[in-house]
Amino acid sequence: MTLKGARERWVRTGGVELCVAELGDPGRPTVVLVHGYPDNKEVWSEVAVRLAGRFHVVLYDVRGHGRSTAPRPLHGGFTLAKLTDDFLAVADAVSPDRPVHLVGHDWGSTQSWEFVTTSRTKGRIASFTSISGPSLDHLGHWFNARVKRPTPRRVSQLLGQGARSWYVYALHTPALPELAWRGPLGTLWPKILKRVERVPGGDYPTASLLTDAAHGAWLYRDNVRARLRRPRPDAYAHAPVQLIVPEDDPFLSERLYDDLDRWVPRLTRRTIPAGHWVTRTRPDQVAAWIEQFATSAEDGRPAPAATGRHADRFAGQLVLVTGAGSGIGRATACAFAEAGARVIAVDRDAEAAARTAGLSRRAGAPEAWAEPADVSDEQAMEKLAEKVHHEYGVLDVLVNNAGIGLAGSFFATTTDDWRKVLDVNLWGVIHGCRLFGARMAERGQGGHIVNVASAAAYQPSRALPAYSTSKAAVLMLSECLRAELTGQGIGVTAVCPGFVNTAITSTARFAGVDEEEQRRRRRKTARLYGLRNYPPEKVAGAILDAVAGNRAVAPVTPEARGARLLYRFAPGLLRRIARAEPRL
């Protein structure tokens, strides 16, 4: 199979011929993508087409893989020195006059660490993005430090990574890997990728899988033991490095990179909630990070360094927050902005949304936009979704935050009161989940939905029948949606704050009383919430934590957590508390 629209050339080096594919304008900066095991260059196809509009994209089949020829004999033909020769030959052929931006995945990253830390490639690499493949030198030093200076934590890390590396031992076994790949493993591999890694089916893996896997075993045999025993003491990177770490990688622990700052003076870290084959499962995010990092290197400036909460996770992601004009919504938009996310602030008050977008840009968002919309209006939300997907793209995180307050006894609450609170608090969430969540699922690259409910969702109160009912419905909707979407890599979280000092107290309605009494109760409620003084910024931080941890339910504030415990373990006590008549 050949990449659609790609130009091919052959590069001869060290007795082999490498098949090289190129996309995009050769006059633009060059990005070289290096594949891992047991892949060939086609593993990069989804990322390559996303980069081709901005860069000259180059992919090549590593010697013995895909359509590149294999060395003879195989033993000794895949050393890091020879792989470095291959890279330099390709770089000289496709970009003779300027350095290239190097990107490696799996063993493509492992060999690329060699390229970026050896003196003979200085000046040929403008930047390096590493995905799921550590340097053998750095790995050797990591192991040695834990063996020579053991602590309980270090021993645990050593044993944990040792268990994850089972396949490395297997690949050193003579003939066994070749037999396994030509037998049941080769047949089952596409199904394993789809089931375990959620890699989409189609034209990957390619027909050369069995040969690629057999030849690729020599990457390990020719290099791993020798380099781990005698790691180079001077394996320092001479180009800026971006490290992308999949959080659910079954083969590599995140702890492997704990000491990386020692070897890389200019390091940018990214984490992504996915498995090992992110080049296939998360091509949008991977391509966006590569583009951002390579562009910053081309411009001669440091890579964007967001310093907010979970910046390594959310930088560059597209986040939409409803009810963003004030309170929890504004604080949440700004918190994501501080983490380097691109933010869309939505509120029915256009001016308030614009102010939040401005605050988000100042907080660190590379881009932030304001969009006016009433979440209770289905047609308005459909128009918003169409505009967002057309102009900004598919969301990575959706925060359904917009809500209104309503207090009063059940019999004092009119049907119009019920409609208003359900239209915003429940239907607004339904519209957001349906319109934006569907695109996340259709894209097939994961995402996260946050529905802001309330501690009132599980804490009954005689004073809040309509509000509590709407928030309880949001909680159950979130649980149901989470069950449906978990197989597609989309997390759903219900966030349940308690008493938070926001503007909702000044706009809340009280059923069955006149306007003067409404104003009096609002003032008293606002005063009580002010005395409690739990800031919305803490809720925003909890939202980012919940998304990063993929939590199903996130109670916020001590009273919300306490009520949650009572709801689960002492519901009778919670019901007795609910009978108390509030004094407002």
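**Aromatic rings**

Guide: Ring pairs join Tyr37, Trp107, Trp166, Tyr167, Trp181, Trp189, Tyr220, Phe251 and Trp277 into a cluster. Keep in mind this is a predicted model: local features need pLDDT of at least 70, side-chain atom pairs count only at pLDDT 80 or more, and totals for chains, interfaces and linings use all residues. Residues are numbered from 1 along each chain as its sequence is written, and side-chain values use heavy atoms, with hydrogens and water left out.

Visitor: How many aromatic pairs does the structure hold?

Guide: 18. Rings of Phe, Tyr and Trp (its six-membered ring) pair if their centres lie within 6.5 Å; planes under 30 degrees apart count as stacked, over 60 as edge-to-face, the rest as tilted.

Visitor: What do Tyr37 and Tyr220 form?

Guide: An edge-to-face pair, 5.5 Å centre to centre with 85° between the planes. This pair links distant parts of the chain, 183 residues apart: Tyr37 is in the loop between β3 (30-34) and α1 (45-51), Tyr220 in helix α9 (residues 209-221). Helices (H or I, at least four residues) and strands (E, at least two) are DSSP runs numbered from the N terminus.

Visitor: Is Tyr220 buried or exposed?

Guide: Buried, at 4% relative accessible area; the cut-offs are under 20% for buried, over 50% for exposed, partly exposed in between (1.4 Å probe, protein chains only). Tyr37 is buried too, at 7%.

Visitor: New topic: which ring face does Arg54 lie over?

Guide: That of Phe55, 4.8 Å from the ring centre. The criterion is NZ of Lys or CZ of Arg within 6 Å of the ring centre and within 35 degrees of the ring normal.
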